[in-house]
Amino acid sequence: MAKQDYYVILGVERGASAEELKRAYRKLAMQHHPDRNPGDPRADAKFKELNEAYDVLKDEQKRAAYDRFGHAAFENGGMGAGAGGFGFEGGLGDIFEQMFGGGARRGGGHSGAGADIRAQVEIDLVEAFSGTKMSVRVPTRMSCDACGGTGSADKSAGADSCSTCGGMGRVRAQQGFFVVERTCPSCGGAGRIVRNPCRVCSGNGTVPREKTLSVQIPAGVEDGTRIRLSGEGEAGTRGAPAGDLYVHIAVRPHEIFQRDGANIFCRVPLRMTQAALGGEVEVPAIDGTAAKVKIPPGTQSGDQFRLRGKGFSVLRSTQRGDMYIQVAVETPQSLTRRQRELLEEFEAEAKSHAASSPEHDGFFAKVKEFFEGRG
């Protein structure tokens, strides 16, 4: 079954801004979150689909590749030979390397510098508010112990200039109207060939490994924040500098709070009698404390109350945003006989006292004038 267009999944136009993408994703993620739809496999599938679409479109480089090549940009081997003969290989990193001249990877060129790697961690909204420390396990390439990272079996630095690329580390090929520059397949971009290659790493100087790193996530991070750990990427070939590790932060939607920058919104349902008579309600704050909100008599659905300084942490600051309580007046359901009798008495009394529902009475007065005017 063909994949659905990512823009269609998020319900936005192809030219949507980053802020429009974020708003659309937040709204749909809240609607389809598995915690709000327990036992519904369709909601679970939709939630995963939304995350996949947003993960691509929120990243400028991924979005550029998707806009140009569609889903094929992220399938095995990137764009195949059918895409105008470009013959992209090696996945997303190589697509950007060929499209943008190597800006997506540090491994290009004869220096043999290690490639940057990417990891993603998921945290909840409370962890994003207070900050947290997480362990991240990433597959990478590390310096070969057998040869000390030199690539040579005798741990020497002896190497000859690569005959394929002439020591440049890159080769060029004509593809129709375009000239495509790629990493040399013979030397892997190092520009030199080791005379006596190490048997463990085949002369590369690095071997595949997994490593675990501790990442400090600061208070106030937003969904999509990227943290850079310098020198924690793949090891460079034959002693060249290592790349960087970029940790992308995904923040799960919360069942009570919704975040908008430094502000937090909390929807609080009120019984009809609470809204009519007024009173006081206790609501939770993101920092774990409780806050009391005074509800004035006659409060309507949609009314908002502001709690200063009860919002979200501001990144790299001691300041906090505000919290907004959004009131939703709930109509009673499953009435007892006595409750129904009381409400019928209330309705009869309300009809004789127009001031109790001015908006209702004003609206239907205009409706009456409308129909009389057409007569």
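The legends below describe close-up views of a predicted model. Local features require pLDDT of at least 70 and side-chain atom pairs count only at pLDDT 80 or more, whereas totals for chains, interfaces and linings use all residues. Residues are numbered from 1 along each chain as its sequence is written, and side-chain values use heavy atoms, without hydrogens and water.

**View 1. An open sheet of three strands with mixed pairing has the order E1-E9-E8.** Strands (E, at least two residues) and helices (H or I, at least four) are DSSP runs, numbered from the N terminus; two strands pair if DSSP finds at least two bridges between them. Strand E1 (117–123) and strand E8 (226–229) are at the edges, each with a single partner strand, so one side of each lacks a neighbour in the sheet. From one strand to the next, the twist averages 25 degrees, the angle being taken between N-to-C directions on a scale from 0 to 180 degrees, with axes as lines fitted to C-alpha atoms. E8 pairs with strand E9 (residues 245–251) in the antiparallel sense over four bridges. Arg226 has His248 in E9 as its bridge partner.

**View 2. Strands E12 and E13 form a hairpin.** Strand E12 (residues 279–284) and strand E13 (residues 290–295) are paired in the antiparallel sense over six bridges. Opposite Pro284 stands Ala290 in E13. Five residues lie between the two strands, and Gly288 in the turn has a positive phi of about 95 degrees.

**View 3. The largest pocket has a volume of about 1100 Å³.** A pocket is an open set of points on a 1 Å grid over the protein atoms alone, where a 1.4 Å probe fits, with protein on both sides within 12 Å along at least five of seven lines; lining residues have an atom within 4 Å of a point. The volume is the space filled by probe spheres set on the points, which are joined across faces, edges and corners. The lining of the largest pocket comprises 31 residues, of which Met272, Ala276, Phe346, Ser356 and Ser357 lie nearest its centre. Helix H7 (272–277), strand E15 (323–330), helix H8 (337–351) and helix H9 (358–374) are the elements that give two or more residues to this lining. H8 gives the most, with seven residues. By class, the lining has 13 nonpolar, 12 polar and six charged residues; Ala, Val, Leu, Ile, Met, Phe, Trp, Tyr, Cys and Pro count as nonpolar, Asp, Glu, Lys and Arg as charged, and the others, Gly among them, as polar.

**View 4. Lys22 forms a salt bridge with Glu222.** A salt bridge places a side-chain nitrogen of Lys or Arg within 4 Å of a carboxyl oxygen of Asp or Glu; the whole structure contains 20 salt bridges. The closest N and O atoms of Lys22 and Glu222 are 3.1 Å apart. Lys22 is buried at 16% relative accessible area, whereas Glu222 is partly exposed at 28%; buried means under 20%, exposed over 50% and partly exposed in between (1.4 Å probe, protein chains only).

**View 5. Glu122 forms a salt bridge with Arg252.** The closest N and O atoms of this pair are 3.3 Å apart. Glu122 lies in strand E1 and Arg252 in the loop between E9 and strand E10 (257–260), so the pair ties together parts 130 residues apart in sequence. Glu122 is partly exposed at 43% relative accessibility, and Arg252 is partly exposed at 30%.
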